[in-house]
Amino acid sequence: MTLPACPQCQSTYTYEDGALLVCPECAHEWSPQAADAAPEVEAARVVRDANGQVLADGDSVTLIKDLKVRGSSLVIKVGTKVRGIRLVEGDHDIDCRIDGVGAMQLKSEFVRKA
């Protein structure tokens, strides 16, 4: 039996975990019944940077404002380049890793496409 590819990132390395299918690359989980059902047309969510450019997974962005890190005295300076972003749902649009800081969530209104 072959498992379906991940509906989010199209990875073929999916596996079963109890009643769910899991993608090890993007950590997306879904039920097998949803995979068997006819694919529904999703409204594509468009994330734009401060200049109106459309952002996509894997893009590089640059900060346009100094950002304070919550719970720390650290400030991420304007002009900091962030590579390999990942778009997510929620009030913060971007998951990323910033050198010297670690994993962060950013709002798209504070970045521009590099």
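**Figure 1. Val 61 and its bridge partner in strand E9.** In this predicted model, Val 61 has Val 82 of E9 as its bridge partner. Strands E6 and E9 run antiparallel and are joined by 2 bridges; two strands are taken to pair if DSSP finds at least two bridges between them. Strands (E, at least two residues) and helices (H or I, at least four) are DSSP runs numbered from the N terminus. The open sheet comprises 3 strands in the order E9-E6-E13, with antiparallel pairing. Strand E9 (81-82) and strand E13 (111-113) are the edge strands, each with a single partner, so one side of each has no neighbour in the sheet.

**Figure 2. The salt bridge between Asp 59 and Lys 113.** The structure holds 1 salt bridge, defined as a side-chain nitrogen of Lys or Arg within 4 Å of a carboxyl oxygen of Asp or Glu. In the pair formed by Asp 59 and Lys 113, the closest N and O atoms are 3.6 Å apart. Because Asp 59 lies in the loop between strand E5 (54-55) and E6, and Lys 113 in strand E13, the pair ties together parts that are 54 residues apart in sequence. Asp 59 counts as buried at 16% relative accessibility, and Lys 113 as partly exposed at 33%; buried means under 20% relative accessible area, exposed over 50%, and partly exposed in between (1.4 Å probe, protein chains only).

**Figure 3. The largest nonpolar core.** A nonpolar core is a set of buried Ala, Val, Leu, Ile, Met, Phe, Trp, Tyr and Cys residues joined through side-chain atoms within 4.5 Å. The largest one has 15 residues, and those with the most contacts inside it are Leu 55, Ile 85, Ile 94, Cys 96, Leu 106 and Val 111. At least two core residues come from each of strand E6 (61-63), strand E11 (94-98) and strand E12 (102-106); the largest share, 3 residues, is that of E11. A second, separate core of 5 residues includes Leu 21, Cys 23, Cys 26 and Trp 30.

Figure 4. Most residues other than glycine have a negative phi. Gln 10, in the segment before strand E1 (15-17), has a positive phi near 65° and is exposed at 52% relative accessibility. Ala 27 also has a positive phi, near 65°; this residue is found in the loop between strand E2 (20-22) and strand E3 (29-30) and is exposed, with a relative accessible area of 58%.

**Notes.** Residues are numbered from 1 along each chain as its sequence is written, and side-chain values use heavy atoms, leaving out hydrogens and water. Local features need pLDDT of at least 70 and side-chain atom pairs count only at pLDDT 80 or more, whereas totals for chains, interfaces and linings use all residues.
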